[in-house]
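Please look over the sequence and the structure shown here before reading the report.

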Amino acid sequence: MSVRNTYRSGPDERGHFGIFGGRFVAETLMPLILAVEEAYGAAKHDSSFAEEMRWLQAHYVGRPSPIYFAERLTEHFGGAKLYFKRDELNHTGSHKINNCLGQILLAKRMGKTRIIAETGAGQHGVAVATVCARFNLPCVVYMGETDVARQAPNVFRMKLLGAEVVPVTGGTGTLKDAMNEALRDWVANVESTFYIIGTVAGPHPYPAMVRDFQSVIGAEVREQMQAQEGRLPDSLVACIGGGSNAIGLFHPFLDDESVRIIGVEAAGRGIDSGEHAASLTGGEPGVLHGNRTYLLQDGDGQIKDAYSISAGLDYPGIGPEHSWLKEIGRVEYVSVTDREALEAFQLCTAKEGIIPALEPAHALAHVANLAPGLPKDHLMVMNLCGRGDKDVFSVAEHLGVSL
Amino acid sequence: MSAKSRLEHRFGALKEAGRGGLFTFVTAGDPDPETSLALVKGLPAAGADVIELGMPFSDPMADGPAIQASSLRALKAGTTLEGTLDLAAAFRQEDSETPIILMGYYNPIYRMGVDRFLERAVAAGVDGLIIVDLPPEEDEELCKPAIAAGLHWIRLTTPTTDDARLPEVLRNASGFIYYVSIMGITGTKSASREAVAAAVTRLQRHSDLPVAVGFGIKTAEDVTDTVAVADAAVVGSALVECMRANLDETGKAKPQLVEEVLAFVRALARGTRG
Ligand SMILES: Cc1ncc(COP(=O)(O)O)c(C=O)c1O
């Protein structure tokens, strides 16, 4: 029997995607991480876990999310036929809930009584606070103080949902600092606490587990495109912070060689300015937050603060599977600037009547570069992974409008 | 004197003297390279039996506010991993007996390159390494190369390291075992004397290596309590806090900083002498 080559079998049993991934954590956490791996392994093969997920996805989140032909943008770009995967219509307004449901069910199975999380834009924090309310577990969300300031509506949402929001002052007060603080909490509370990581980062098994929970996105797209167009898409585009919405869309298609796959990082004020969040385009391999991956760092291995107009993208790392997919060349990674994302944000709103989050606005900005040069029968799917309500205030500020 | 024998000698000498050891942690280059070197040079005479030298890192995930701030001060003052190794080498030129253990996180080492780092560490007269984010699951990275280069690999064990896991954690351990006495980050909680005694007894069932206990040890009395049940006590955050208390408003060392910190070390050292 010949074994077909696949890009979808990773990670290995030690959590490695090529040289990336792994389990670089303090000894205090190691036994717990092994327990999470074991519990997840068991849950994956338990049909009652899958059934509960399916029920919640259908009735609580609103899955499947629609696939939507963006007709006016297609006309505007004059090239590829553009579809949006509408994960912004999910309960809580982004793809983050897909992962949170999976992890909270796992936390329940493990008998954990307290949930912690980190958040950047606040979308993951809101999704965690939401499932904690639904499943009646106390919740502490760490959030950089810079993000607390620029994402005020989400901070209030989390509090309404009953979460305690802890502003983190270290570093630039953004996502990486929030993650450090969540890890510190976890080390001190291993016995009671489950850490719901919001993206495909962290030690093994998190990158694989979060990917699996998000892969519902790509799995639905396969079926929906078959139903609508009778074939697979020709290209996929998604924005990348840590990389969870992107891998969720990409993973089910990795072995379909005809599908071109593109991840879009945040170039902030431009890669050359040094103020950006593009770990793959402007970083080097290193070890942070439990895994080896591309990181923004200086020559001494000190982590640099990421910058982006979008709070959900300014993380100095990226999920290890993306680092591997870059190195083997299966996925292309590009970056777009704040300015391009802001333009795409306005364009999407004006042409489609959909206010996107600033994160997927980055993906759309790259679609705007790409689509016009492609033939009209080219089917392109972009992950519209979040809605822009949370960003309205900061966009107004960037456009010089006072509310 | 080879790297290995320096640490073994020290534990042998402590045994002969009939007392436990005082291991002191300070961050290399905190608050500036000159003050840091003067301080480290003064530690043995003040009563430090082993010197743990922190390699500053921007994201010290297992450290509390005191050591986080200390790490950031050192980085701000321009300390790099090269600078830390220079400091160790400068210390070693004047003191051929006091063991130096480098303690920190993996990324700066990975960035420098494991081979180059080990070559420099051995040349600088470093005796061992404690790398917080390299559990036994990642032993291929640095643990095995470090042992091959002749350095001790000092393993952290914690209250969560149960009997089933302990043999794996101790497999490549050498020099001594560092028992992290609490679940948590540095500079926060303290463990009870009974809990520490039980844990040390458990470790001694699994290994012949000496046991040093750290996290939450702040005073000479804490040191006395700790060495009553373990081979050595490690003091870190309390020293770093003492340094912080001797900085001016701009974060610069006050003239008396080194003397004040060494006085504190002398007081702690009396805790090992009963
Ligand atoms: C709407 C939205 N998209 C994308 C991201 C980035 O995360 P990831 O790359 O893991 O999808 C975030 C993070 O907060 C987000 O809120």
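The report below describes the surroundings of the ligand and then the cavities.

## Basis of the model

This is a predicted model, in which local features need pLDDT of at least 70 and side-chain atom pairs count only at pLDDT 80 or more, while totals for chains, interfaces and linings use all residues. Residues are numbered from 1 along each chain as its sequence is written, chains are lettered from A and ligands numbered from 1 in the order in which they are written, and side-chain values use heavy atoms, with hydrogens and water left out.

## Around the ligand

The ligand is surrounded by 18 residues (each with a heavy atom within 4 Å of it), and the closest include Thr199(A) and Gly241(A). By class, this shell holds six nonpolar, 10 polar and two charged residues, where Gly counts as polar and Asp, Glu, Lys and Arg count as charged.

Oxygen atoms of the ligand take part in polar contacts (pairs of N or O atoms within 3.5 Å): one lies 2.7 Å from a polar backbone atom of Gly241(A), and a polar side-chain atom of His95(A) lies 2.9 Å from an oxygen atom of the ligand.

## Cavities

The structure holds five cavities of 30 Å³ or more, a cavity being a set of points on a 1 Å grid over the protein atoms alone where a 1.4 Å probe fits but cannot get out. The largest has a volume of about 400 Å³, counted as the space filled by probe spheres set on the points, whereas the ligand takes the space of the second largest cavity.

Note on methods. Polar contact = N/O pair within 3.5 Å; in protein donor to acceptor, adjacent residues only side chain to side chain. 1 Å grid on protein atoms, 1.4 Å probe; cavity = no way out; pocket = protein on both sides within 12 Å on 5 of 7 lines; lining within 4 Å. Sits in = over half its atoms within 2 Å of the grid points.
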